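Visitor: I am new to reading protein structures. Could you walk me through this one, step by step?

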Amino acid sequence: MITFIISLVALVLGYFIYGKFVERVFGPDDRPTPAVAKADGVDFIVLPPWKIFMIQFLNIAGTGPIFGAIMGAKFGPSAYLWIVLGCIFAGAVHDYLSGMLSVRHGGANQPEIIGRYLGKTTKQVMLVFSVFLLMMVGVVFVFSPAKILGDMWEPAVFTESLGKYVFWIIIIFIYYIIATMLPIDKIIGKIYPLFAFSLLFMAGALLVMLLIKQPDIPELWEGLSTEPLTAQNIFPYLFITIACGAISGFHATQSPLMARCMKKEKMGRPIFYGAMITEGIVALIWATVAMYFFYDAPQPGFEQIAGGAKAINDAPSVVNLICNDWLGVAGAILALLGVVAAPITSGDTAFRSARLIIADFIKVEQRSIRKRLYVCIPMFAVAVALLVWQMNDKEGFNILWNWFGWSNQTLSVFMLWAVTVYMVQQRKPFVITLIPALFMTTVCSTFLFVSPQAFGWSYNLGYALGAVVLVIALVWFFAWYRKQMK
């Protein structure tokens, strides 16, 4: 628990010290924000700071810092290092600067920002890449909550005529359509703060239980003697497994939603940097809870809780078991909110982001409902087709989820490079984004080389090729940098 306490303190200090430094580097001022200059009552609308923070937190979090941290804990105490260092020096920097660039560029979405600094070709690639990623998020986060709800109850007439889970899938999709179409303050602005509070309350309750129970879990300095519960190598798999809570490219697709609702630029640090640090704290708590479940001595948690051994490879089941065992009836309710409401809310903002990205690209204003339908109807038709494929292929969900993980981190690579170019052009200390950009470039390329779902080459070859990619990226960047300086 000593490592956990130190990590928790480090994240809080990271917000106040490094977050303040990053804010000073960017330099927020008093210029009119998009919410004021482009107010339309639908997507550009001023919201209270506390509400923007709660929506931003839930948008970027969902179940990511829960499921990812649980699966990442199988790598042992090294998960602590990645959550703390990744969150402070990579994820929060990525979220803050991408969000503030959106504010500076009139609420621009992620592909527009990347295109502005990395070129039109990259913009076109990122537009397709981003929309596809957002569609995957929406589809992935339809089936998992529908399955949980369907196992609890669903009308027999639907099950008999259309198949299992179809009833809840239809209900969730109807909600998606409504939430995507309506002004942001009508549904998202009203219910998201409640769900965000539930996630934070659950994390806080588990933190109290950890401090009471004081489980005997591995410390960071014992890491080498802790045998991981996964056959995968820490590099690159840990850095793909724990995305939300460390760094996630998906966040940059969500930040423009809140960049269009901020009244002042100086709200950026608590909203963007602060929400990411908060997500890191949630991930840290769940990683520690998972350490108890996997490693507690003399008897691991999965042997202490009935049904635990069957849930060791199923993160949602781990959430349910621990919340019920530690928090009782209240825990069951919170677990339901965590594994059902959180993914649904991530899915609807994913579709909303996709709508805005597509609308900006084809230059269709979104003030009128009719124009919103032009974008939404084909978008949801594609999503339904993707969902049908996923349900008909028994490996569909796993395939979609694994490629979502890699795509998510690859998206952060492009945004980090775009922000680095901005920093160079503005004569700002670009090293704060260059190092994370180089690291994540190496992680994502190495994953492609060694993952069985991609090339599937040996680790030795994959590491060598990853190093080559790192060198190429360094040479390419500094060659461009020299031209810029001239």
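Visitor: Which residues does I432 touch, not counting those up to four places away in sequence?
Guide: This is a predicted model. I432 sits in helix α19, residues 431-450. Contact here means heavy atoms within 4.5 Å. Not counting residues up to four places away, the partners of I432 are Y18, F21, V22, V25, F89, V93 and M423.

Visitor: How far apart are the C-alpha atoms of I432 and V25?
Guide: V25 is one of the residues that I432 touches. Along the chain, 407 residues separate I432 and V25.

Visitor: Is I432 buried or exposed?
Guide: The cut-off for buried is under 20% relative accessible area. I432 has 7% relative accessibility, so I432 counts as buried.

Visitor: What about A108: is that residue buried or exposed?
Guide: A108 lies in the loop between α6 (78-104) and α7 (110-118). Leaving aside neighbours within four places in sequence, A108 is in contact with S102, I113, P256 and R260. Its relative accessible area is 6%, so A108 is buried.

Visitor: What share of the residues count as buried?
Guide: The C-alpha atoms fill a box of roughly 60 × 55 × 45 Å along the principal axes. Among contacts between residues at least 6 apart in sequence, 81% join residues at least 24 apart. Of the 486 residues, the buried share is 58%.

Visitor: How do α5 and α14 lie relative to each other?
Guide: Two packed helices are described by the angle and the distance between their axes. The axes of α5 (residues 64-72) and α14 (residues 268-295) come within 8 Å and cross at roughly 40°. That angle makes α5 oblique to α14.

Visitor: How do the residues of the contact of α5 with α14 divide?
Guide: From α5 come P65, I66, A69 and I70. From α14 come E279, V282, A283, W286, A287, A290 and F294. They divide into 10 nonpolar, no polar and one charged.

Visitor: Which residues of α6 and α12 meet?
Guide: The axes of α6 and α12 (residues 234-241) come within 11 Å and cross at roughly 55°. The crossing is right-handed. S78, A79 and W82 of α6 meet, in α12, I234, L238 and F239.

Visitor: Where is there a cis peptide bond with omega near 10°?
Guide: Most peptide bonds are trans. A cis bond joins A297 and P298, with omega about 5°. P298 is in the loop between α14 and α15 (301-304). The cis bond with omega near 10° runs from F235 to P236.

Visitor: What is the phi of K363?
Guide: Most residues other than glycine have a negative phi. K363 is in the loop between α16 (315-362) and α17 (369-392). K363 is not a glycine, yet its phi is positive, at about 60°.

Visitor: Is R427 buried or exposed?
Guide: R427 lies in the loop between α18 (396-425) and α19. Its phi is also positive, about 55°. The cut-off for exposed is over 50%. At 56% relative accessibility, R427 counts as exposed.

Notes: Residues are numbered from 1 along each chain as its sequence is written. This is a predicted model: local features need pLDDT of at least 70, side-chain atom pairs count only at pLDDT 80 or more; totals for chains, interfaces and linings use all residues. Side-chain values use heavy atoms; hydrogens and water are left out. Axes are lines fitted to C-alpha atoms, for helices over the stretch in contact, and angles run from 0 to 180 degrees between N-to-C directions. Helices (H or I, at least four residues) and strands (E, at least two) are DSSP runs, numbered from the N terminus. Angles under 35 degrees count as roughly parallel, over 145 as roughly antiparallel, 65 to 115 as roughly perpendicular and the rest as oblique. Ala, Val, Leu, Ile, Met, Phe, Trp, Tyr, Cys and Pro count as nonpolar, Asp, Glu, Lys and Arg as charged, and the others, Gly among them, as polar. Buried means under 20% relative accessible area, exposed over 50%, partly exposed in between (1.4 Å probe, protein chains only). A crossing is left-handed if the near helix is turned anticlockwise from the far one by less than a right angle, and right-handed if clockwise.
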